[in-house]
Amino acid sequence: MNIIILGAGRVGQSVAESLVSEHNDITVIDTDPQRLRLLQDRLDLRGVVGNGIQPSVLAQAGAHDADMVIGCAAADETNLVVCKVAHDVFNVPTRIARLRSPEFEQHVEMMGATGFAVDQVICPEASVTASIRQLIEFPEALQAVTFARGLVSLIVVRASEGGLLVGHRLDEIPALLPDLDARVVAIYRQEQALPRLEGQTRIAIGDEVFVLAPTAQIRATLAALHEAEGRPVRRLMLAGGGKVGLRLARELCQTHELKLIEHDRARCDYLATQLPAATLVLHGDCTDEDLLEDENVGDMDLFAALTDDDEDNIMACLLAKRMGARRVLALINRSAYADLVQGTKIDIAISPASAVIGELLAYVRRGDVEAVHSLRRGAAEALEAVVRGDAKSSRLAGRRIGQLKLPPGVQVGALVRGLHTEDGAETPDTHDAQVLMAHHDTLIEPLDHVIVFVPKKRMVRDVEKLFQVSPTFF
């Protein structure tokens, strides 16, 4: 696809890096020539210096032939205006805007063709907050994402001693847990994916296990692989009162014991006006050992470092973990740092770019893709797509999973049936939907939602072809 990205900040650079790796033609617009030059030295893309809301600059960037415009500038207004100009002047088919303010999302009429002509709104802060909320609900998980309107979840969990399935073969799971309807789609051992998952494959202590299961069975699945934490997450300490910290604090303050550390005094005063009195707002440095000790960080169920400084987040988490915090979570923007902390005392590292990139990839994928989730810091992916066509025009419809020609390591994990009517329209609710865990003899029907795990991004194109309808395919 021919894609124009407005803004070469952190999110814009991460989006560009992900889309370039999939052989799209990317043009990035930014007012800072130095920033563009550094980006061009690192990635195979084109840079245009200028104000992206001006039609002349968009024309220079190739808007006449663009398939998509993504507004990732710092200001919401800029991203809204570029979508409007791209629609009205250049008739760009797909327009996506990064918006930080929730008020625009609340007024849907503003996003339509007669408004700012935005097809999709992305908000990294909201995506990160949702990811953290999932991890608070399921503290044993390293990552948890949902598909098919929340009916199916993919969880990543570190196998630990005490888990019922740990040490057992995959073909023993039905006998050990006959009521558990789950499918292991990948196992990473010592940071390397096991090349083939077979019935004889054993789950070992320390394995990073990727499991698909109906959302209602997530807790049972986690308990089978990881010894229960003993108590839910109730006491939290957040370091950093920026957009992510404030958003998360607002969502958790009514249900959790919460302490928030912020180094900027003026920001502390603002946070105190936005949060209830029961939430303790502290002015100080999150890497200050005395402060953490005074505020009993060792009693915390979760310590989350959410500042804009990656180094501070890493150091604060390592310090909190050493002082007794049960679990620690670091917000990390730089991908090199995210790789670096794997295997350290930091339990979870979250990248804002990875949290939001899936929302964009769903628009870039060929075929009828409903959802995409980036896994393992962008190296792997899980996607949900709808089977269109029939046995003559589709490579999937009317075939059993064992008959599919899948790239090595690619796993069909689950099917959801009943989310679309016979004429292809979405059903308004999920009451009649049926979740089917994939087995070699499972028959795929038209309009099924198929959830696929892809261990390497270079395999995505081959997976996409499976979902494309061809009038000449027999």
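1. In this predicted model, L238 stands opposite L260, a residue of strand β13. The two strands concerned are β12, residues 235-239, and β13, residues 257-262; they run parallel and are joined by five bridges. Strands of a sheet pair through backbone hydrogen bonds, and the pairing can be parallel or antiparallel.

2. β12 and β13 belong to an open sheet of six strands with parallel pairing. Read across, the order is β14-β13-β12-β15-β16-β17. β14 (280-283) and β17 (348-350) stand at the edges; each has a single partner strand, so one side of each is left without a neighbour in the sheet. On average, neighbouring strands of the sheet are turned by 15° against each other, with direction ignored.

3. What packs on this sheet? Helix α6, residues 124-137, does. Helix α6 touches β12, β15 (302-305), β16 (327-331) and β17. The direction of the helix makes about 160° with that of β17.

4. R95 lies in strand β5, residues 94-98. Is R95 buried or exposed? Its relative accessibility is 7%, and buried means under 20%, so R95 counts as buried. The side chain of R95 reaches the backbone oxygen of V92 at 2.6 Å. Leaving aside neighbours within four places in sequence, R95 is in contact with V69, C83, A86, H87, A117, V118, D119 and Q120.

5. Next, the cysteines. A disulfide is a covalent bond between the sulfur atoms of two cysteines. The structure holds zero disulfides. For C83, one of the contacts of R95, the nearest cysteine sulfur is that of C72, 9.7 Å away. A disulfide needs the two sulfur atoms within 2.5 Å, so C83 is in none. C83 is also buried, with a relative accessible area of 0%.

6. C286 is likewise in no disulfide. Its nearest cysteine sulfur belongs to C317 and is 8.5 Å away. At 7% relative accessibility, C286 counts as buried.

7. Helix α15 covers residues 460-467, and its buried residues are V460, V463, E464, L466 and F467. Where do they sit around the axis of α15? They cover an arc of only 150°, which puts them on the same side of the helix. An α-helix has 3.6 residues a turn, so residues three or four places apart point the same way.

Technical notes. Residues are numbered from 1 along each chain as its sequence is written. This is a predicted model: local features need pLDDT of at least 70, side-chain atom pairs count only at pLDDT 80 or more; totals for chains, interfaces and linings use all residues. Side-chain values use heavy atoms; hydrogens and water are left out. Two strands pair if DSSP finds at least two bridges between them. Helices (H or I, at least four residues) and strands (E, at least two) are DSSP runs, numbered from the N terminus. Axes are lines fitted to C-alpha atoms, for helices over the stretch in contact, and angles run from 0 to 180 degrees between N-to-C directions. Contact means heavy atoms within 4.5 Å. Buried means under 20% relative accessible area, exposed over 50%, partly exposed in between (1.4 Å probe, protein chains only). A polar contact is a pair of N or O atoms within 3.5 Å; within protein, one must be able to donate a hydrogen and the other to accept it, and residues adjacent in sequence count only if both atoms are side-chain atoms. The arc is that of the directions from the helix axis to the C-beta atoms.
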